[in-house]
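Have the viewer open and follow along residue by residue.

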Amino acid sequence: MDALALLLAATLNAGTVLAIAALGLLINERAGILNLGAEGMMLVAAIAGFATAVHTGSDTLAFAAGAAAGALLAAAFGALVIWLNTNQYATGLALSLFGAGFSAFVGIRYTQEKLPERMRFEIPGLADIPFVGPALFKQHPVVYLAIALAVGLSWFLYRSRAGLVLRAVGESPESAHALGYPVRRIRLAAVMAGGALCGLAGAYVSVIYTPLWVEGMIAGKGWIALALTTFATWRPARVLLGAYLFGGVTMLQFHLQGEGVEIASQLLTMLPYLATVLVLVLISRNPTWIRTNMPASLGKPFFPGS
């Protein structure tokens with residue numbers, strides 16, 4: 001039971017990274033913008049957060065730096081695809097490559113740095129409950145923030161006027177423009193908000209999840225988060241569920257190794273990525289289902305007055 005509680009706790013921890021990043025990408029895509037640069041944004045945010053934590057000793061400032069780095073890169077991406085009408089797919093891939101190279105260059109001096117021992121968090125009273133306490137109530141506050149973000153984003157998209165406008169921009173920007181809404185500014189705000197969440201996820205990886213800096217440490221999590229939005233049919237609650245599912249698959253490899261299961265470590269390491277490909281293949285078998293749920297203008301440029 002103790003081993004299962006630890007596995008559940010690790011699943012929540014691993015799924016948090018994917019959940020926050022995927023929720024950010026969901027905001028982008030609900031506005032009609034497809035950003036393939038999540039991996040690069042998360043890498044730059046990871047080194048920004050880690051460097052800030054090294055120099056200031058403050059996790060709060062580290063998270064703020066990561067979110068700011070993600071928002072800044074997203075703003076550059078938004079300026080290119082929204083105002084200059086560059087191809088969203090090519091620009092996103094370029095951002096991902098830039099982030100990988102830039103983070104590797106900046107992070108050279110931080111590869112030997114170590115952060116002090118991380119503070120342990122627990123919810124008084126609830127943390128002492130057998131099994132449930134260690135599994136659910138001894139998590140970092142960002143884990144609970146991810147759940148709150150999913151709930152808040154669900155309310156925002158389906159219960160608020162601003163969320164309705166955002167979805168309208170993603171479905172039919174021409175109609176939203178005809179009604180007087182500043183489509184380009186709304187899309188830029190959505191892209192920057194999504195970038196900030198990707199940045200927060202990247203900083204969480206380097207400051208809390210694995211408190212160190214290693215080149216390429218995001219290790220495909222940005223791409224898995226991108227796949228999660230499709231897997232979740234662009235709904236925040238399903239993003240959260242999918243993130244914990246993929247987090248569980250990630251942690252299962254370590255649990256199996258700890259239990260002495262004789263499976264090649266390379267095979268266990270590829271489990272999360274194999275699960276991602278399998279899910280995408282299963283989803284792609286029903287293109288009608290995807291088209292029904294996907295924002296109608298996703299990935300399409302918008303030209304005001306055309």
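Predicted model: local features only at pLDDT ≥ 70, side-chain atom pairs only at ≥ 80, totals over all residues.

**Nonpolar core**

- The largest nonpolar core counts 83 residues, and Tyr 204 and Trp 213 have the most contacts inside it.
- Helix α9, covering residues 183-209, is the top contributor to this core, with 14 residues.
- As general background, nonpolar side chains in soluble globular proteins tend to be buried together.

**Rings**

- There are three aromatic pairs in the structure.
- One of them is Phe 98 with Phe 102, a stacked pair at 5.4 Å centre to centre with 15° between the planes.
- Both of these Phe residues sit in helix α4, four residues apart, which is about one turn of the helix.
- Phe 98 has a relative accessible area of 43%, so it counts as partly exposed, and Phe 102 is partly exposed too, at 38%.
- Phe 231 and Phe 246 are edge-to-face, because their planes are at 85° with the ring centres 6.0 Å apart.
- That pair links distant parts of the chain: Phe 231 is in helix α10 and Phe 246 is in helix α11 (residues 236-258), 15 residues apart.
- Phe 231 is partly exposed at 25% relative accessibility, whereas Phe 246 is buried at 3%.

**Arg 118 in its loop**

- Arg 118 is in the loop that runs between α4 (88-106) and α5 (132-136).
- Its side chain makes a polar contact of 2.6 Å with the side chain of Asp 59.
- A polar atom of the Arg 118 side chain also lies 3.2 Å from the backbone oxygen of Pro 116.
- Beyond four places in sequence, Arg 118 touches Asp 59, Val 207, Ile 208 and Pro 211.
- Val 207 is 89 residues away from Arg 118 along the chain, yet their C-alpha atoms are separated by 8.8 Å.

**Thr 229 in helix α10**

- Thr 229 belongs to helix α10, which spans residues 221-231.
- With a relative accessible area of 0%, Thr 229 is buried, because the cut-off for buried is under 20%.
- The side chains of Thr 229 and Glu 29 are joined by a polar contact of 3.4 Å.
- Other residues that Thr 229 touches include Ala 22, Leu 25, Leu 26 and Trp 234.

**Ser 297 after α14**

- Ser 297 lies in the segment after α14 (287-293).
- At 4% relative accessible area, Ser 297 is buried.
- Its side chain makes a polar contact with the side chain of Arg 187, at 3.2 Å.
- Setting aside residues up to four places away, Ser 297 touches Gly 32, Val 169, Gly 170, Glu 171 and Pro 173 as well as Arg 187.

Terms used: Residues numbered from 1 in each chain as written. Heavy atoms only, no water. Helix = DSSP H or I, 4+ residues; strand = E, 2+ residues; numbered from the N terminus. Contact = heavy atoms within 4.5 Å. Polar contact = N/O pair within 3.5 Å; in protein donor to acceptor, adjacent residues only side chain to side chain. Buried < 20%, exposed > 50% of the residue type's maximum accessible area, 1.4 Å probe, protein only. Core = buried A, V, L, I, M, F, W, Y, C linked by side-chain atoms within 4.5 Å. Phe/Tyr/Trp six-rings, centres within 6.5 Å; stacked < 30°, edge-to-face > 60°.
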